[in-house]
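Work through these exercises with the model open beside you. Try each task before reading its solution.

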Amino acid sequence: MVKDKEQHPIKEKKLLVSLIWNFSTELKLIFMALLVIFTLATLLPFIPSSFSLSTSDFRFCISRFSSAVPVNTTTTTEVLPEKKTATELERVLANGVIKRTFTGYGSAAYNFISMSAYRGGVNTFAVIGLSSKPLHVYGHPSYRCEWVPLDPTQDPVSTLGFKILTDWGYGRIYTTVVVNCTFPSTTAVGGNLILHATTGDPDRNLTDSIPVLTEPPNSVDFTLYSSPKKKYDYLYCGSSLYGNLSPQRVREWIAYHVRFFGERSHFVLHDAGGIHDEVFEVLRPWIELGRVTVHDIREQERFDGYYHNQFMVVNDCLHRYRFAAKWMFFFDVDEFIYVPEKETIKSVMESLEEYSQFTIEQMPMSSKICYSGDGPARTYRNWGFEKMAYRDVKKVPRRDRKYAVQPSNVFATGVHMSQNLQGKTYHKAESKIRYFHYHGSISQRREPCRHLFNDSRVVFENNPYVLDTTIRDVGLAVKTFEMRTIGNRLLRTRQ
């Protein structure tokens, strides 16, 4: 036992010696590195301050090293835009003046954004779209139209495009542009319409050639443009619908106006995000009956124009259905058209046939106060236009008007009236036709009545109101019409 104990230290010493011997090379490197580090630390205070190592020196060393060691890599070659050198950016002229230049990159706004184009006759077309507002305010853009027939034996024809800016300066980043392309002679059916949009820059004068319409052969009936017989007597062109709209208010509006305008009418609605699922369920029965058409225009939100580009939208509607209707109406979904009891919409429109356009006077209704003459319980069960029965009678210099046109006489249109038409405009139709405006009611997803009154005259928030039951009085007739036409499908509609 004693011998074994004495032999253990001897074995451990031999093992330690063998380990040091096997790793002697690595240990030498470690000791040398430590020696170098301690030496530098000792000498560093004595090195002159003018001596320094920059990052560029290190990059140079590393590049020398990396070039000596080839590495297998996959690279992507990117073609960069050609840049001007320093001498091109500025140069000294003979008179000693320093000539400076400016280089543009990218695009702040598109030259032209095409929405649609339609043939408007045997030799004329309309192109509807957006363009950079600063370009039209401060520049001189122009348009040229080219018709390229599909028949190779026929030559292309060109004409200057006549631009119409329809939004009266309300545009934001983009402004609405309608380009009228009228060729000197009949254009053959079947071809491509090319819009050449020129920026008008005096130095570069860049031009974008944009295919805006492809017309298949034998796809146009020229009698459409001259026939007095139209598919509809009245067509409604709605502005962009956006926000969290109330399904119940939309239900009331569509039922009222389908009844009001009659069988030979049609309603075109434009969804800019406002026709959510609940609103669409309200419209679905009328879509199935062929009384309503919905256009999804949500993509236009990419381009910042006035009020969800409503000027562009109504102009698209005008030209798309220009020859489909005798009269076209422009107003909003919180506004209700009305004619006196002894009149009908047909008799009123016949009396205004000599005019290409007439404007409609506004009757402003409160969407905050309600008439409680039916008792509180029944009041809350009534439709919105039955209980919001107080009209604002505050005198103001001017209230907004809406309008109707004979679309075949109109070249471009606006939101409150058209300034681009042939024929006369009538502005004194208030005794024949009016509209009741329930401002803000369409976007309330709750019961609108927060303040109930039972008086014929009310002052609320310093505004005078009078009880006006004009639209309220037709409530029962509208409800009965809806039930007979589409049944009870919408009875559970929510606010």
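Helices (H or I, at least four residues) and strands (E, at least two) are DSSP runs, numbered from the N terminus. This is a predicted model, in which local features need pLDDT of at least 70, side-chain atom pairs count only at pLDDT 80 or more, and totals for chains, interfaces and linings use all residues. Residue numbers start from 1 along each chain as its sequence is written, and side-chain values use heavy atoms, with hydrogens and water left out.

**Exercise 1. Helix H6 and its end**

Task: Then compare the reach of H6 with the expected span.

Solution. 
- Step 1. Count H6: it has 15 residues. The expected span of a helix is 1.5 Å times one less than its number of residues.
- Step 2. From first C-alpha to last, H6 reaches 21 Å, close to the 21 Å expected.
- Step 3. Check burial, where buried means under 20% relative accessible area, exposed over 50%, and partly exposed in between (1.4 Å probe, protein chains only). In H6, 14 of the 15 residues are buried, and the helix is mostly covered.

**Exercise 2. H6 against H12**

Task: Describe how the axes of H6 and H12 cross, and list the residues that make the contact.

Solution. 
- Step 1. Locate the pair: H6 spans residues 247–261 and H12 spans residues 475–486.
- Step 2. Take the axes, which are lines fitted to C-alpha atoms, for helices over the stretch in contact; angles run from 0 to 180 degrees between N-to-C directions. The two axes come within 9 Å and cross at roughly 90°.
- Step 3. Classify the angle. Under 35 degrees counts as roughly parallel, over 145 as roughly antiparallel, 65 to 115 as roughly perpendicular and the rest as oblique. H6 is therefore roughly perpendicular to H12.
- Step 4. List the contact (heavy atoms within 4.5 Å). H6 supplies Arg-251, Ala-255, Tyr-256, Val-258 and Arg-259. H12 supplies Ala-477, Val-478, Phe-481 and Glu-482.
- Step 5. Sort by type. Ala, Val, Leu, Ile, Met, Phe, Trp, Tyr, Cys and Pro count as nonpolar, Asp, Glu, Lys and Arg as charged, and the others, Gly among them, as polar. The contact of H6 with H12 has six nonpolar residues, no polar and three charged.

**Exercise 3. Salt bridges**

Task: How many salt bridges does a search of the whole structure find? Examine the ones formed by Arg-119, Arg-284 and Arg-398.

Solution. 
- Step 1. Apply the criterion: a side-chain nitrogen of Lys or Arg within 4 Å of a carboxyl oxygen of Asp or Glu. The search finds 20 salt bridges.
- Step 2. Arg-119 pairs with Glu-215, with the closest N and O atoms 2.8 Å apart. Arg-119 lies in strand E3 (residues 113–119) and Glu-215 in strand E9 (residues 207–215), and the pair links parts of the chain 96 residues apart. Both partners, Arg-119 and Glu-215, are buried.
- Step 3. Arg-284 pairs with Glu-281 at 2.6 Å between the closest N and O atoms. The two are about one helical turn apart because they sit three residues apart in helix H7 (residues 277–288). Arg-284 is partly exposed at 29% relative accessible area. Glu-281 is partly exposed too, at 40%.
- Step 4. Arg-398 pairs with Asp-400, the closest N and O atoms being 3.5 Å apart. Arg-398 is exposed at 61%, while Asp-400 is partly exposed at 35%.
- Step 5. Look for shared partners. Asp-332, Glu-335 and Lys-402 are joined into one network.

**Exercise 4. Two asparagines and a proline**

Task: Is Asn-218 buried or exposed? Is Asn-309 buried or exposed? Then place Pro-216.

Solution. 
- Step 1. Asn-218 has a positive phi, near 55°, and is not a glycine. Asn-218 lies in the loop between E9 and strand E10 (232–241). With 76% relative accessible area, Asn-218 is exposed.
- Step 2. Asn-309 also has a positive phi, near 60°. Its loop runs between strand E12 (292–296) and helix H8 (310–320). At 2%, Asn-309 is buried.
- Step 3. Pro-216 is in the loop between E9 and E10. Pro-216 is partly exposed at 45%.
- Step 4. Leaving aside neighbours within four places in sequence, Pro-216 is in contact with Val-189 and Gly-190.
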